[in-house]
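Here's a quick briefing to read with the structure open beside you. Take it one topic at a time and find each residue as you go.

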Amino acid sequence: FLGLRTLTVIKDAVDLVRQDTGKELSMGNIDYNDPKVLDFIGTGKTDGVFQLESGGMKNFMKELRPQSLEDIIAGISLYRPGPMDFIPRYIKGKNNPESITYETPLLEPILSPTYGCIVYQEQVMQIVRNLAGYTLGRSDLVRRAMSKKKASVMEKERQHFVHGNTEPGHECAGCVANGISETVANAIFDDMSSFASYAFNKAHAAAYAVVAYQTAYLKRHYPREFMAALLTSVLDNTGKVIEYTAECQRMGIRVLPPDINASDAGFTVE
């Protein structure tokens, strides 16, 4: 419901921009690494921004200071029970890249986009494929077993991950055969296991992050049109109307009373 409402807000804001300025905005063609938008998200002034308006998320964005859409995708993935424990490590790696260490160089291309942290289910799948030689299908089975905490399956897969598997149709070389010590392989498997039960699907997080960024883009570059569309979306919720009207006042945007000669069915820009 919130996602559908937000898509309506985006459409209505784009329509208001066209009416107000004559400009045809295409949200698929905006700059998704606009420094002004990223800096704005880092201020925490994200009331009305999809996924980023809770008090906790505002504080996280101020601490994270995202510098790319990739940071927002990771932020949405991490700000949940379980993964939140990894937030300090993620921020430390982002702010101090020299502090990042990898238990094997094979992990670097997989984990460097997330500053050495396992954040996504897809990374778990990449690790078992690149380090132990799993097939795509088999790597997905491991992901599912980890996410559902299937202890018996996990223990069997640990052996396969570390030492390989010769069973027909399920062959994999294992980490030891790729020059990774048994101790390191087990430590990596432990890291994956502890996170996989909470890990987010990156494709899902990316879709959320794109919508979050689009609403932040509109609020930063077209604040009047965005706030008008946002207020229209909550006309049936008096509390939210009051909240977003106060946000308009904070932003220096006047909210005028209804006028029989000027008003439309929803909020418009005067």
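## Cysteines, pockets and a few buried spots

The count of disulfides here comes to 0. Keep in mind that this is a predicted model.

**Cysteines**

- Cys 175 is in no disulfide either, as its nearest cysteine sulfur, in Cys 172, sits 8.8 Å away.
- Are these two buried or exposed? Cys 117 has a relative accessible area of 0%, so it counts as buried. Cys 175 is also at 0%, which makes it buried as well.

**The largest pocket**

- The largest pocket holds about 600 Å³ of space. It is lined by 22 residues, and the closest to its centre are Val 255, Leu 256, Phe 267, Thr 268 and Glu 270.
- Which helix gives the most to this lining? That's α12, residues 223-233, which supplies 4 residues.
- Sort the lining of the largest pocket by class and you get 14 nonpolar, 3 polar and 5 charged residues.

**The second largest pocket**

- Next comes the second largest pocket, with a volume of about 310 Å³. Its lining has 18 residues, and Arg 89, Thr 101, Tyr 115, Gly 116 and Cys 117 are the closest to the centre.
- Two elements, α5 (87-95) and α10 (182-196), each give two or more residues to the lining of the second largest pocket.
- By class, that lining is made up of 9 nonpolar, 5 polar and 4 charged residues.

**Helix α9**

- How far apart should the ends of helix α9 be? The helix has 13 residues (151-163), and at 1.5 Å a residue it should span 18 Å; the C-alpha atoms at its ends are 18 Å apart, so the two values agree.
- Several residues of α9 are buried, namely Met 154, Glu 157, Arg 158, His 160, Phe 161 and Val 162.
- To picture a helix like this, remember that an α-helix has 3.6 residues a turn, so residues three or four places apart point the same way.

**Thr 104**

- Look for Thr 104 in the loop between α5 and α6 (108-111). Its relative accessible area is 7%, so Thr 104 is buried.
- Which residues does Thr 104 touch, once you skip those up to four places away in sequence? They are Leu 131, Ile 180 and Ile 188.
- Thr 104 and Asp 190 are 86 residues apart in sequence, and their C-alpha atoms are 15 Å apart in space.

**Ala 229**

- Ala 229 belongs to helix α12, the helix that gives the most to the lining of the largest pocket.
- With a relative accessible area of 1%, Ala 229 is buried. Apart from neighbours within four places in sequence, Ala 229 is in contact with Val 9, Asp 12, Ala 13 and Leu 16.
- Now try finding Thr 101: its C-alpha atom is 46 Å from that of Ala 229, and the two residues are 128 apart along the chain.

Terms used: Residues numbered from 1 in each chain as written. Predicted model: local features only at pLDDT ≥ 70, side-chain atom pairs only at ≥ 80, totals over all residues. Heavy atoms only, no water. 1 Å grid on protein atoms, 1.4 Å probe; cavity = no way out; pocket = protein on both sides within 12 Å on 5 of 7 lines; lining within 4 Å. Points joined across faces, edges and corners; volume = space filled by probe spheres on them. Nonpolar A, V, L, I, M, F, W, Y, C, P; charged D, E, K, R; others polar. Expected span 1.5 Å × (residues − 1). Buried < 20%, exposed > 50% of the residue type's maximum accessible area, 1.4 Å probe, protein only. Disulfide = S-S within 2.5 Å. Contact = heavy atoms within 4.5 Å.
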